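Let's go through a predicted model.

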Amino acid sequence: MIDNTIHVCCSTDDKYAQICCVMLCSIFENNKKNKILVHILISHLSDENRRIFINLSERYDTIIELHTVNDSILNGVKFNNSRKLSISAYYRILLSSILAKDVTKVLYFDCDMLVLEDLLEIYNLDLQDYAIAAVEDAWPIKEEHRMQILLSYSERYFNSGFLVINLDYWRNHDIESQLLAFAKRERYVYFHDQDALNRVLGRHCFFLPLRWNCFSVAYRSYKQFILYYDWIQYKRNPAIIHFTLIRPWCNLYSPYKRLYYEYVKKTGIQGFKVDRYPVLKGYYCIFSNMIKRMFASFLMFILRYVR
C-alpha cells in the first residue's frame, strides 16, 4: 500500500512556538487535499505552548508529533556570539536519527516562513543521488567563508530555511556524524548549521527555483535569475515567503505583514505576541533593501530585452 503522507518538520522553543504555529497553519491552509504529518523538534516546551499545537492539530484534523531532542548530542557545537541563536537551530542536522526509519524524506521549514503553495509536487521530487534540495542563499559569501567550507567560486551556497531532505541518502552515507563533526569544529561561525550543511552536502544539493524561498526584505542579485520570468514569479508568486531582517511579528512595517496576520487569525491564538524593534535600525534595513530591489528590477527589465 502506497503511503501518500507528506512529512513536514520544524524546530522550535517557547520563544518561537507561536510563530511556528502560524507557519504550520499556512501549510495546512494551502494543502487541504494532502495528508500532512508534522514533526516538531523540541527540547523543552511549556504546557501553554503545547496546547497551542494541540489546538492547531484539532482545528485541521492532522497529526502533530513532538520529538524531544537530547541536547547533550550537540554539546560542543559552535555559535557566533554576535548572533544569539537557540540550540534548536542545530536540531535539523539530527533528523536522520530522530525520525523513524520508514520516513525516507522530509520537508524542513524554519519557523519564520509562510507556505503559500501545495507541497505534493515538491515532496515527490525524485532526488535519487541528491542528499538535499534547497534554494540558493541571497547573500554572497566572502573568501574566508568559502575557504572554511571548501566552496569553490564556481559553486553555489544554499539557504537552510527550506530543505527537501533525502533521509535515505543521509542514513546510507552517515551524514549526521559528518555534520556534527563540522558543527563542533573550532572556527569562526558565519551561519551555524547552514555552514555545516553546505560543507558536507554542498556538492550533493539540487537547487530549486528561487520562489521556493522568497526573502521578504533581503535583496537578491539579478544574476541569480536565469530568466526574466523567474524574477516575475519570485516577486508575484512566491511559494514560500521567508521573513528576514524585519519580521511581521515586530512593531514595524514589514512586507506581507497583512497576509501574515490573516494566518495568525486562522490559528486561533489569543494574544499573539509582538516583538519590539529599534525604529531607526529597522527602517534603515527596509529602505536600503528597497533601493537595492528597485535597482535589480531595473536591471532585469533591461536584460529582458537584450538577451
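Q: Which side chain does K32 meet in a salt bridge?
A: The model is predicted. K32 counts as exposed because its relative accessibility is 62%, and the cut-off for exposed is over 50%. Its salt bridge has an N to O distance of 3.4 Å, and the partner is E29.

Q: How many residues apart in sequence are the parts that K78 and E186 tie together?
A: The closest N and O atoms of K78 and E186 are 3.0 Å apart, in a salt bridge. K78 lies in the loop between β3 and α3, and E186 in the loop between α7 and α8. The pair therefore ties together parts separated in sequence by 108 residues.

Q: Are D193 and R92 buried or exposed?
A: These two form a salt bridge, with the closest N and O atoms 3.1 Å apart. D193 is in helix α8 and R92 in the loop between β3 and α3, 101 residues apart. Buried means under 20% relative accessible area. Both residues are buried.

Q: Which residue is linked with R92 and D193 in a network of salt bridges?
A: The structure holds eight salt bridges. R92 and D193 form one of them. The network that links R92 and D193 also takes in D110.

Q: How many residues of helix α8 are buried?
A: Helix α8 covers residues 192–201. Its cover includes β6, α5, β7, α6, α7 and β8. Among the buried residues are H192, D193 and L201. Of the 10 residues in α8, the buried ones number nine.

Notes
Residues numbered from 1 in each chain as written. Predicted model: local features only at pLDDT ≥ 70, side-chain atom pairs only at ≥ 80, totals over all residues. Heavy atoms only, no water. Buried < 20%, exposed > 50% of the residue type's maximum accessible area, 1.4 Å probe, protein only. Helix = DSSP H or I, 4+ residues; strand = E, 2+ residues; numbered from the N terminus. Contact = heavy atoms within 4.5 Å. Salt bridge = Lys/Arg side-chain N within 4 Å of Asp/Glu carboxyl O.
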